[in-house]
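Reader: I would like a close look at a single helix of this protein and at what surrounds it, with the cut-offs behind each term spelled out.

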Amino acid sequence: MSRLNLIGSSLAFRQMQAALHRFAGADATVLINGESGTGKELAARSIHYLSARSEHPFVPVNCGVLTDSLMESELFGHERGAFTDASRQYAGLIGEADGGTLFLDEIDSLSPRAQGALLRFLQEKTYRKVGGTGLRSADVRVVAATNADLAKLAAEKQFRHDLLYRLNVLQVTVPPLRDRGHDAVELAQTFVARLCDQYQTDPRLLSESARVLISRYSWPGNIRKLENLLLRDFLMSDGPLLECAELGAMCHLATHRHEDQLPYNQAKAHVLLEFERRYVSELIARTGGNVTHAARLAGKERSAFGKLLRKHGLRGDTQAAPPAGHAMHELTN
């Protein structure tokens, strides 16, 4: 499934993959559940490209931006002159998706009016353009996605029960990253390789400490958060190893939030100092104590890197032990 950008080998992920394969051949409406950032659109695309509709369009729609005034025009299209700004006729998203798949993301955000209009199309398989007179039909498979509990919303009368029944013919849940074991590290390594290719840099790797941090973090923002964090770390780093310092800081603060309650500046300085010590220690060990080589990998002058060694009581090929009581200061010199 890597060709579909679905990457992972955990049991939870493989079970989801199996469901996507089964649903691809069913040609029925699918409801995809999952937390924000888990990859629901990728799952929808997989269903489409594994199906007999793969040669036809996949049309994604963010329902969260469909206002009542625009919804019917966007979905069903309009005739020229149907309203003030209708200077030309428009086929609509359903018309564009004819023969393929219409992906309705954030389906829970549809207004009651929009829910009713969509329900009519799902029931009758026909629609009318805004300003038009004749009924049209479209051979469209609908796949919807949400991070909300639609059954609960329906019970609270915020979502139509009859629309939920129409959407929830087949259902699959995209598991959160915290439930996918080693997949987070596997994804991270893939993202780093892609970034190296995108920015045409020498190969970079995740350090051992970075891999440990990634595997232990709960990832409340799921894959989207992982990808964004790695992008920032990649762009801010020069050496061959990515340390995920930002993630280290988050993990440290989460661990000690209820223990010491340090003021922000003190907590930040403590985290940066710990990252700095670990980074320098790993780099000098990797280069066998060669300060010049380690400094080059770190993107620092040899003298500046030597100061970091002395600051943390570390020795390189020519470094002496530091004096006692050295002061805490910022990561950069």
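Author: Helix α5, covering residues 112-124, has 13 residues and reaches 18 Å from its first C-alpha to its last, close to the 18 Å expected at 1.5 Å a residue, where the expected span is 1.5 Å times one less than the number of residues. Helices (H or I, at least four residues) and strands (E, at least two) are DSSP runs, numbered from the N terminus. This is a predicted model, in which local features need pLDDT of at least 70 and side-chain atom pairs count only at pLDDT 80 or more, while totals for chains, interfaces and linings use all residues. Residues are numbered from 1 along each chain as its sequence is written, and side-chain values use heavy atoms, with hydrogens and water left out.

Within α5, the buried residues are Ala 114, Gln 115, Gly 116, Ala 117, Leu 118, Leu 119, Phe 121 and Leu 122; buried means under 20% relative accessible area, exposed over 50%, and partly exposed in between, with a 1.4 Å probe and protein chains only. An α-helix has 3.6 residues a turn, so residues three or four places apart point the same way. Just after the helix, Lys 125 takes a positive phi of about 60°.

Four bridges join β6 to β3, and the two strands run parallel, with Leu 104 standing opposite Ala 144; strands are said to pair if DSSP finds at least two bridges between them. Strand β1 (residues 30-33) is likewise parallel to β6 and joined to it by four bridges, and there Val 30 has Val 143 as its bridge partner.

As for the setting, the protein has 14 helices and nine strands, and buried residues make up 45% of its 333 residues. Among contacts with a separation of 6 or more, 68% come from residues 24 or more positions apart.

Key
Contact = heavy atoms within 4.5 Å.
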